[in-house]
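Subject: Structure handover

Hello,

Here is the structure I said I would pass on. Please open it beside this email and follow along; my notes come after it.

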Amino acid sequence: MIRACLVMMTLAAPAAAQTTAADILAALEAPTNELQQLTAVLEGPDEEKALVAMRLMLGSGDPAMERLALRAGLSSTSGVVRGVALESFLKSRPTLTAYAVGQDDAAEGVQVWLQSVGSISADAAGSFPIAIGPYIEDENCFGSAQRPTECYNRVGGTELSFYIGQSWGVARLNESGELVGSISNRGYKTGPIAVTIPLLGQLQ
């Protein structure tokens, strides 16, 4: 965006004219001001206006605007805005990193299960990847990387249901941009494993 402004300024200037430092600074400042104004709209109290702005930014084709829209949307105080941002983010087919902590009385089962789907530390805490596959339009769900035509992930508003390691987990997106929930596996007798998936740090 900044490069485009500078190019346009250069093309518009007569060959004999001189470009001043003020001209350059103005060209550099304009895109920043625009993004700041858009951020104010996204974070403002008008939910409908924020939704319209976010959808337009997500469809702009400008990576900087798309990231800004997602960052603001995923941590919005509006559950509706967060839900739209979450679905849009998942349609980019990211591989999410989930961080898990099991209850003490289920530590052995947690270790076995976590080792089967990811990695684990000595204190029964670990992490595992959730690879979001393509969006399946007629089923309103997402496949997995290995099984792209089967529903392994579902979104309903701010809630994500995901299937991994023969287990279904559920997490809800909070205003900090984190999916927080739990997952259980009866086969391994894990009991509930607390899961946190921070999304903001995983934006490309």
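What pLDDT does the chain average, and what percentage of the residues score at least 70? This is a predicted model, and the chain averages a pLDDT of 83, with 77% of the residues at 70 or above. Residues 2-16 should be read with that score in mind: pLDDT stays under 50 there, and the model has eleven contacts for this stretch beyond four places in sequence.

Helix α5

Helix α5 covers residues 79-90, twelve residues in total. From its first C-alpha to its last it reaches 16 Å, close to the 16 Å expected at 1.5 Å a residue. The buried residues of α5 are Val81, Arg82, Gly83, Ala85, Leu86, Phe89 and Leu90.

Ser78 sits in the loop between α4 (63-74) and α5. Ser78 caps the N-terminal end of α5, with a side-chain oxygen 3.3 Å from the backbone nitrogen of Val80. The side chain of Ser78 also makes a polar contact of 2.6 Å with the side chain of Glu47. Is Ser78 buried or exposed? Its relative accessibility is 11%, and buried means under 20%, so Ser78 counts as buried.

The disulfide

The structure holds one disulfide. It is formed by Cys141 and Cys151, whose sulfur atoms are 1.8 Å apart. The link of Cys141 and Cys151 is left-handed, with -55 degrees about the S-S bond. Cys141 lies in strand β4 (residues 141-144), while Cys151 lies in the loop between β4 and β5 (153-156), ten residues apart.

The nonpolar core

In soluble globular proteins, nonpolar side chains tend to be buried together. In this model, the largest nonpolar core has 42 residues. Which of them touch the most other members? They are Leu74, Leu96, Phe128, Phe162 and Leu199. Helix α3 (residues 47-58) gives the most to this core, with six residues.

Leaving out residues up to four places away in sequence, Phe162 touches Phe128, Ile130, Tyr152, Asn153, Ser167, Trp168, Gly169, Val170, Ala171, Ile183 and Val195.

Regards

Conventions: Residues are numbered from 1 along each chain as its sequence is written. This is a predicted model: local features need pLDDT of at least 70, side-chain atom pairs count only at pLDDT 80 or more; totals for chains, interfaces and linings use all residues. Side-chain values use heavy atoms; hydrogens and water are left out. Helices (H or I, at least four residues) and strands (E, at least two) are DSSP runs, numbered from the N terminus. The expected span of a helix is 1.5 Å times one less than its number of residues. Buried means under 20% relative accessible area, exposed over 50%, partly exposed in between (1.4 Å probe, protein chains only). A polar contact is a pair of N or O atoms within 3.5 Å; within protein, one must be able to donate a hydrogen and the other to accept it, and residues adjacent in sequence count only if both atoms are side-chain atoms. pLDDT is the predictor's confidence in each residue, from 0 to 100. Contact means heavy atoms within 4.5 Å. A disulfide is a pair of cysteine sulfur atoms within 2.5 Å. A nonpolar core is a set of buried Ala, Val, Leu, Ile, Met, Phe, Trp, Tyr and Cys residues joined through side-chain atoms within 4.5 Å.
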